[in-house]
Amino acid sequence: MRAFAEWLSTSAPSVAIQSRFWFIRVLQATHLITAGVAVASGLMISLRVLNFQRADQPFDAAWARFAPWLTASLAVMLLTGLAQTLGDPVREFTATSYWVKVVLVLCCIAGTLWFARAARRAPATTSFSVTAKLVAAALILFWLLLPLLGRMIAYDKAIWGPLSLRT
Amino acid sequence: MSTHEILATIQDSALGNWMRYTNGAMPVVEATHVVAAVLLFGTVLIVDIRLLGLADSQRAYTRVSRETLRLTWLAFAVSVITGSLMFTTSPLTYFYNWAFEWKALALLGAGVNMAAFQLLTASGVSAWNEHSRAPRAARLTGVASLLLWAAVVLLGRWIGFTKGYDFTIPAGLDLGPTG
């Protein structure tokens, strides 16, 4: 993995990003701002499943409100995240926090798509099964862990100790 | 006591030393600060875009704000606590960092904007609470809030880019070891 990351860091797109100092800063700033939109939207959908937000609304109304913002912000986050990874692949690929974050992003997307199916199948539903509520509770934790892990990439050895992939 | 002496006292405090020398303290506090800032901005955005009529236009403004601002205040409290802890690590450098100064100004601006909204615009909310379009003053407050909180988040990130050391040392000020 390290050898691949080192090769990637010498590729033309990676060098192009690395050599544009302001581009990296803009990427990180955009990633952070859109994380606010994605995390808040994801939380609101999960909190609706748990009946802690908008319990007076059917689920599809809450879904219609937050899903477009979640989708758009996630798309920007993925693009800026990929560009940041390309800009510094060794730092990212050798961080345990990075890989945990990638797994959690996939879990958040899968869980949210599951809710999307629920919104299509039973648009007027106001209450959910215990399983759906457990998934929503897990997603709340995962959404909050995403920015935490993103920042922890910089401190991988201090956070993970022997579990850090950085040597 | 001069500003410099106050900052030096904070830096040499037990809390400052604990934050600086405890393994993992700064990374955990900083990462928690980022989570709180992200949540704060995201929840403020939900209320502000309702003010602007870009979403939730069929939902009463007071309902949206009541539901969302609980999370906002929670995130704000965590931001203040973690931000203060981070400040104790190097107050002498943060205080003179331009990004930190502008972030403090943006925070102040966001506070003033919110106070103005509560005192002037929100007092007549019953007249437009159910309307999809809030009055111009309320919409302006929403725009100002969005810009100011985005500035707070971005300038916070910029402090990291400048490592807290990108500042001009005031003439005659000794920033050497204090403890």
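Helix H6 of chain A, residues 96–121, packs against helix H7 of chain A, residues 130–152. The model is predicted. The two axes meet at an angle of about 145° and lie 9 Å apart. The crossing of H6(A) and H7(A) is left-handed.

Which residues make this contact? From H6(A) come Ser97(A), Val100(A), Lys101(A), Leu104(A), Val105(A), Cys107(A), Cys108(A), Gly111(A), Trp114(A) and Ala118(A). H7(A) answers with residues including Ala132(A), Val135(A), Phe142(A), Trp143(A), Leu149(A) and Met152(A). By class, the contact holds 16 nonpolar residues, three polar and one charged.

Now follow one of these residues, Met152(A). Met152(A) sits in helix H7 of chain A. Is Met152(A) buried or exposed? Met152(A) counts as buried because 24 C-beta neighbours lie inside 10 Å, and the cut-off for buried is 20 or more. Set aside the neighbours within four places in sequence, and the contacts of Met152(A) are Ser97(A), Ile159(A), Pro27(B) and Ala31(B). Pro27(B) and Ala31(B) belong to chain B. Met152(A) and Phe66(A) are 86 residues apart in sequence. In space, their C-alpha atoms are 28 Å apart.

Step back to chain A as a whole. Chain A has eight helices and zero strands. From the N terminus on, its elements run α-α-α-α-α-α-α-α. The C-alpha atoms fill a box of roughly 55 × 35 × 20 Å along the principal axes. Chain A has 167 residues, and 39% of them count as buried. Consider next the contacts in chain A between residues at least 6 apart in sequence. Of these, 83% join residues at least 24 apart.

How many residues of chain B are in contact with chain A? There are 23, and they touch 21 residues of chain A. On the chain B side, the elements that give two or more residues are helix H3 (25–51) and helix H7 (136–161) of chain B. H3(B) supplies the largest share, 13 residues. By class, the side of chain B that touches chain A has 14 nonpolar residues, five polar and four charged.

Definitions and conventions. Residues are numbered from 1 along each chain as its sequence is written. Chains are lettered from A and ligands numbered from 1 in the order in which they are written. This is a predicted model: local features need pLDDT of at least 70, side-chain atom pairs count only at pLDDT 80 or more; totals for chains, interfaces and linings use all residues. Two residues are in contact if their C-beta atoms, placed from the backbone, lie within 7 Å. Helices (H or I, at least four residues) and strands (E, at least two) are DSSP runs, numbered from the N terminus. Ala, Val, Leu, Ile, Met, Phe, Trp, Tyr, Cys and Pro count as nonpolar, Asp, Glu, Lys and Arg as charged, and the others, Gly among them, as polar. Axes are lines fitted to C-alpha atoms, for helices over the stretch in contact, and angles run from 0 to 180 degrees between N-to-C directions. A crossing is left-handed if the near helix is turned anticlockwise from the far one by less than a right angle, and right-handed if clockwise. A residue is buried if 20 or more other C-beta atoms lie within 10 Å of its own, exposed if 12 or fewer, and partly exposed in between; C-beta atoms are placed from the backbone.
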